Amino acid sequence: MEGEYAPRHFQVGFIVLSYVVSFVGSLSTLELLQLRTGTRGAYNWYLLIGSAITMGGIAIWCMHFIGNRAIILYNDEPNLQLQYSQEYTTLSVFVPIVVLFGAYLLCGTGDDTSMFWVIAGGFGAGFSIGGMHYLGNAGIANYTCVYNIGYIVGAVIIAVTATCIALSMFFRFQKSFTNGIWKRILAALLLALGVSGMHWTGVVGTRYRYHQLNDDRPVNRRDIVILTLVMSVIACVGLVGFAIFAGRARMQQRHRVQEVTLVSVTFDEDGKIMVHTDGTLPTATITDSFREKSFEETFGPTHWAFQWAYRTSSNWKSVSDLIPGMRQHVRIASTKRSSLGSYIVDYHLLFREQFCVAAQSLADITHRSLSSVGVLHTNLLTSGYDPERRGTGKVLFLVSQVEKQFHPRGFRYAAIDTVLPILTNTMQVPQSELSTILSEMELTARSPPLSLPASGVYIACFA
């Protein structure tokens with residue numbers, strides 16, 4: 001038996017399981033990459049490292065060893081199955097992770113993504129798949145692998161092609177992938193197909209020549225399968241967490257379109273708009289249940305509440321010191337309403353406080369001071385009309401412009417047209433109206449502030 005080629009066959013169950021594991025790792029990778037807001041900051045580095053681990057460690061490494069578990073030699077005699085050296089097995093974990101880290105770093109994120117670097121990253125990712133496969137095979141302790149060169153070339157071509165296509169789909173259309181989980185699933189299926197296709201093409205082109213084990217105790221394939229399954233389960237739990245978080249966010253959004261909300265619209269020097277990683281605008285609720293009939297029917301630019309809010313947003317310093325007291329009073333009023341009903345005696349005062357508290361919340365969310373959160377835009381939108389509910393929602397906008405280097409964690413900048421469908425869907429407003437008002441806001445943000453001489457007498461009219 002020494003030196004002869006081992007007869008083999010395959011277990012279909014492990015082949016299917018290996019593909020599922022690769023899919024889970026690929027989908028986890030795309031979910032993590034989707035959350036990246038840029039190339040700077042600890043948050044983005046954590047996501048980049050995590051995506052390299054899920055792809056290299058689970059989609060590739062785990063897939064390889066579970067797939068090799070499907071290879072049955074000598075009619076499944078226990079002592080004649082594939083066993084692995086500890087050194088090569090450990091090394092094969094880190095090689096694809098390091099290479100993929102560099103590949104995803106090349107790809108970039110958001111509007112900075114270049115298709116040239118995406119393709120370059122795809123080549124790196126594809127070669128890492130092939131490199132891990134043959135490095136893992138080099139760790140087989142009781143057999144010598146004999147390769148067919150044609151199958152090696154074909155396997156690498158499959159890995160590179162599938163990876164380039166999948167990454168191109170994802171990074172090129174990343175904005176539309178935000179609210180389309182099925183699109184990310186499709187890209188993950190393609191990535192997993194590239195990994196599995198490369199693996200099984202390589203396996204078919206490999207023959208195993210038996211030789212005796214060394215004195216060193218090798219790693220049993222059963223132990224490796226247990227480890228890979230544990231890693232895959234952890235990835236599955238992470239995906240479930242992503243799904244629950246996304247579901248809660250959608251539920252909150254559906255409820256929010258019936259509220260009076262305050263939205264931060266922040267432009268950079270290039271006219272791009274600052275959004276969350278999912279393409280939505282920073283939003284805070286002004287009021288949800290504290291509504292008067294007259295408020296619902298007449299609220300708009302001519303309403304007293306809107307005009308007061310407009311004046312206040314032009315001089316946030318006049319109320320910034322009062323925010324803690326306002327927040328406490330709003331909390332007390334909410335408690336009273338829960339016990340006494342919806343009627344609020346000092347509703348006029350309460351709404352003003354709620355507006356200021358919402359503005360401070362937006363400042364906190366976007367990591368800046370209240371004075372720089374922006375000025376209230378003169379137009380507002382009606383959102384989420386539903387005749388079965390008490391009223392429709394109102395959307396107010398605080399508009400500001402920041403310098404290009406302002407890049408708070410958890411946000412990215414995007415062209416208006418790329419996120420317009422997402423904003424229209426989440427706000428439930430007509431796309432034409434939202435497009436028009438965003439264009440007006442961009443002009444407002446670019447307009448220089450009024451500059452007056454230090455001395456003199458001025459007459460002003462607020463109309």
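**Strand pairing and a cavity**

Trainee: Which residue of strand 7 is the bridge partner of Leu262?
Mentor: The model is predicted, so local features need pLDDT of at least 70 and side-chain atom pairs pLDDT 80 or more, whereas totals for chains, interfaces and linings use all residues. Residues are numbered from 1 along each chain as its sequence is written, and side-chain values use heavy atoms, without hydrogens or water. Strands are DSSP runs of E (at least two residues), helices runs of H or I (at least four), numbered from the N terminus. Across from Leu262, the partner in strand 7 is Ala284.

Trainee: How many bridges join strand 5 and strand 7?
Mentor: Strands count as paired if DSSP finds at least two bridges between them. Strand 5 (residues 260-267) runs antiparallel to strand 7, and their bridges number 4.

Trainee: Why is strand 7 described as largely enclosed?
Mentor: Buried means under 20% relative accessible area, exposed over 50% and partly exposed in between (1.4 Å probe, protein chains only). Strand 7 (residues 283-287) is largely enclosed by the rest of the structure because, of its 5 residues, the number buried is 4.

Trainee: How is Leu189 classed by relative accessibility?
Mentor: Leu189 belongs to helix 7 (residues 181-204). Its relative accessibility is 33%, so Leu189 is classed as partly exposed.

Trainee: Which helices each supply at least two residues of the lining of the largest cavity?
Mentor: A cavity is a set of 1 Å grid points where a 1.4 Å probe fits but cannot get out, and lining residues have an atom within 4 Å of a point. The lining includes His64, His133 and His199. The contributing helices are helix 2 (42-68), helix 4 (115-138) and helix 7.

How values were computed:
On a 1 Å grid over the protein atoms alone, a cavity is a set of points where a 1.4 Å probe fits but cannot get out, and a pocket is an open set with protein on both sides within 12 Å along at least five of seven lines; lining residues have an atom within 4 Å of a point.
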